[in-house]
There are 2 protein chains.
Amino acid sequence: MAAKLVGNAVVGQSGGPTAVINQSLVGVILQAQKSDHIQELLGAKHGVRGIINDDYYRLKGAPVELLERIALTPSSALGSSRDKPDEEYCKKILANFKKNNVRFFFYIGGNDSADTARIVNDMATKEGYEMRCYHIPKTIDNDLRVHDHTPGYGSAAKFVASAFIGDNYDNRSLPGIKINVVMGRHAGWLTASSTLARKYENDGPHLVYVPEAPLTEDKLLADVDRVYSKLGRCIIAVSEGISVPEKNAKGHYISWAEKMSENLERDSHGNVQLSGSGALGDYIAQLITRKLRNPSGKKLRVRADTLGYLQRSFPGYISKVDAAEAREVGRLAVEYSAQAGTEGSSVYMTRVPGNEYKVTYDITPIHNVARETKDLPAEWVVDGCDISEKYLEYARPLVGELPQVGTFDELK
Amino acid sequence: MAAKLVGNAVVGQSGGPTAVINQSLVGVILQAQKSDHIQELLGAKHGVRGIINDDYYRLKGAPVELLERIALTPSSALGSSRDKPDEEYCKKILANFKKNNVRFFFYIGGNDSADTARIVNDMATKEGYEMRCYHIPKTIDNDLRVHDHTPGYGSAAKFVASAFIGDNYDNRSLPGIKINVVMGRHAGWLTASSTLARKYENDGPHLVYVPEAPLTEDKLLADVDRVYSKLGRCIIAVSEGISVPEKNAKGHYISWAEKMSENLERDSHGNVQLSGSGALGDYIAQLITRKLRNPSGKKLRVRADTLGYLQRSFPGYISKVDAAEAREVGRLAVEYSAQAGTEGSSVYMTRVPGNEYKVTYDITPIHNVARETKDLPAEWVVDGCDISEKYLEYARPLVGELPQVGTFDELK
């Protein structure tokens, strides 16, 4: 029987923040504090960058009171990084691990971070350095393959759904056309969560556009015209990555944003460029203002908001299920790490069929998760401008309870 | 002794929504249901527009269960209006009141709505029609004179402060320059609330710009350069109404937004105009990107968000003090209306000096509140780019508890 693997561990966080990414981190730390196969737990400052710079927090003795406060703090408490390590970079990572006798590596992040953990794991195996690397999932984009859903998504979806609840009442009160741009460059998962906001008939969002369903300006205008003619108002949920029905050299649909910058090159002769974070929403608002009129011939009241970073970092308003699951995937990664043969894997959730929401946890080889992403199921996108009820069943338990609301229409 | 005034009452809501404007409405309704001087309580649909269209909900019998849900619902449950009634419009209002034997009018809104209640009250007096009109304050802008603060502000400030807490951790995790544009066309009250987000040294926002302190592009760039050189990151809170040190014909400072559109007229030859809701933030981001470089000579990571409508309508995340006070000003207006001589007034709060937060309620003639607004005290604006600690003392009790946070810097 081989001797038990004992040594130091490194934990890191990567990519864009979420509201519960520190829950996973605290799950790792608390479990490592209890585990005798982990001697010191090093927290890499700013992800892989902290590793190659040998810049760590020492976490084995971190006090629980502080950890529980950090668990409630949004965004990566260790600091994050946008670096995408190549072969050369990963060699430096492994060199640092050897130097520090690091035998366990826990990397919390999306599909790119998963790939980093995989490369380091494979490299260590090849060089005969015994170590175990794990990917711990987080992404508000909810686009990891194999995973039923990813920690971070439920809280972001709760924020977006609540934003649309508020905006629906704002818009009922002062009717007009309102566009809200939601995060999601490649997949429409987060934009879909806007549909959780609906309670009464005719509640918004009335139109929902996701990258998976290419959209022409003409279709958008026809959709808005149809809704506005019927209701006298219209709330539109738009993914930042919505696409046109035209593919680039790589075979991917071209986004509205790319198309807009192309057009701008032609149109603008000044310094000012329509290229900021508010640009897509403002562009759609201007398109509607230019092309549609209300029945009396007057200009429409059109306004756009871009929900922005709040979606991934708003504090004090998280999904409880999301927070608990985020902690558990972190804890489990450390538990698995005591066992030979579990390395090079990602901790994922599977939903147990049945009326009550329940998940089971397991591990899958990282290459099943890394790099490629997962779109919304095609059959969940309805008429290119709405999301099916199937999505609601999927998402409700992840988001939890939403604010109670009421209207005087109930008096009827 | 004159006979007791008995008749019907109208309640209406006006202007932009808040998260607690329905608390005031429910305060009015519950008190009216208990009051025998009010026979029927009519809820005007979409403010003054509902009155002249004779379009009302009948509220005296509205069930408490529904009312309590509506109290938690953001935005005006009766519907709102942007109409600013002139003399002619007010005549129609009074005609409708006479027709419906309306003897009490409760109007929930900002300074413009206060003025409407005042005109109708004066008109009724002049025509010898006995009636009593009241203004019930609401505005996230917090800019009503006489009022220590206004219902709606505490919840909006809690949202903004929390948004900056989240963004501060986002920015610590992935450093760069971040601009957040906050509501407030004329006064910086809401933008000031961003400073409630600070807990540790070097927490953002690092720069705060309000309309009351005119700002040049050169000062902005020098401020950002100073902060970024020191911290390697910079979070900027900007009121949507920030001004340049240049006055218009009316003697008011010209806003950056006005200045931008002037410049655009000159610069742009295409259809696309930088005039949407995201425009100010994107403009500042582009200004910084164009003019500043990081020490290594590389482009800075600059990004802008515009917090948008969420500030006034996000549900499920209100200030408890704000909700309770909003309900109380509504309730009191109805209580006052049983008393002759109280008409034509606005219900306001005064803060009781002392260590514990406490307010008293009273009424003041509407003309003290209507039309003109209240700026941030000049001495609370520090160096044209920050807000004094005095503001924190003022605002903390209105906002209540903010999310708990922690960082590993505490390990040192």
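1. In chain A, the cover over the buried residues of α3 includes α1 (21–34) and α12 (320–336). Helix α3 spans residues 64–72, and its buried residues are A:L66, A:L67, A:R69, A:I70 and A:A71. Buried means under 20% relative accessible area, exposed over 50%, partly exposed in between (1.4 Å probe, protein chains only). Helices (H or I, at least four residues) and strands (E, at least two) are DSSP runs, numbered from the N terminus.

2. A word on the source. This is a predicted model: local features need pLDDT of at least 70, side-chain atom pairs count only at pLDDT 80 or more, and totals for chains, interfaces and linings use all residues. Residues are numbered from 1 along each chain as its sequence is written, chains are lettered from A and ligands numbered from 1 in the order in which they are written, and side-chain values use heavy atoms, without hydrogens and water.

3. Now the cysteines. The whole structure holds 0 disulfides over all chains (a disulfide is a pair of cysteine sulfur atoms within 2.5 Å). For B:C90, the nearest cysteine sulfur belongs to B:C133, 9.6 Å away. That is too far for a bond. B:C90 is buried, at 0% relative accessibility. B:C133 is buried too, at 0%.

4. Next, B:T342. This residue sits in the loop between α12 (320–336) and β12 (345–351) of chain B. B:T342 is buried, with a relative accessible area of 5%. A polar atom of its side chain lies 2.9 Å from the backbone oxygen of B:Y336. The backbone oxygen of B:Q339 also lies 2.9 Å from a polar atom of that side chain.

Notes
Contact means heavy atoms within 4.5 Å. A polar contact is a pair of N or O atoms within 3.5 Å; within protein, one must be able to donate a hydrogen and the other to accept it, and residues adjacent in sequence count only if both atoms are side-chain atoms.
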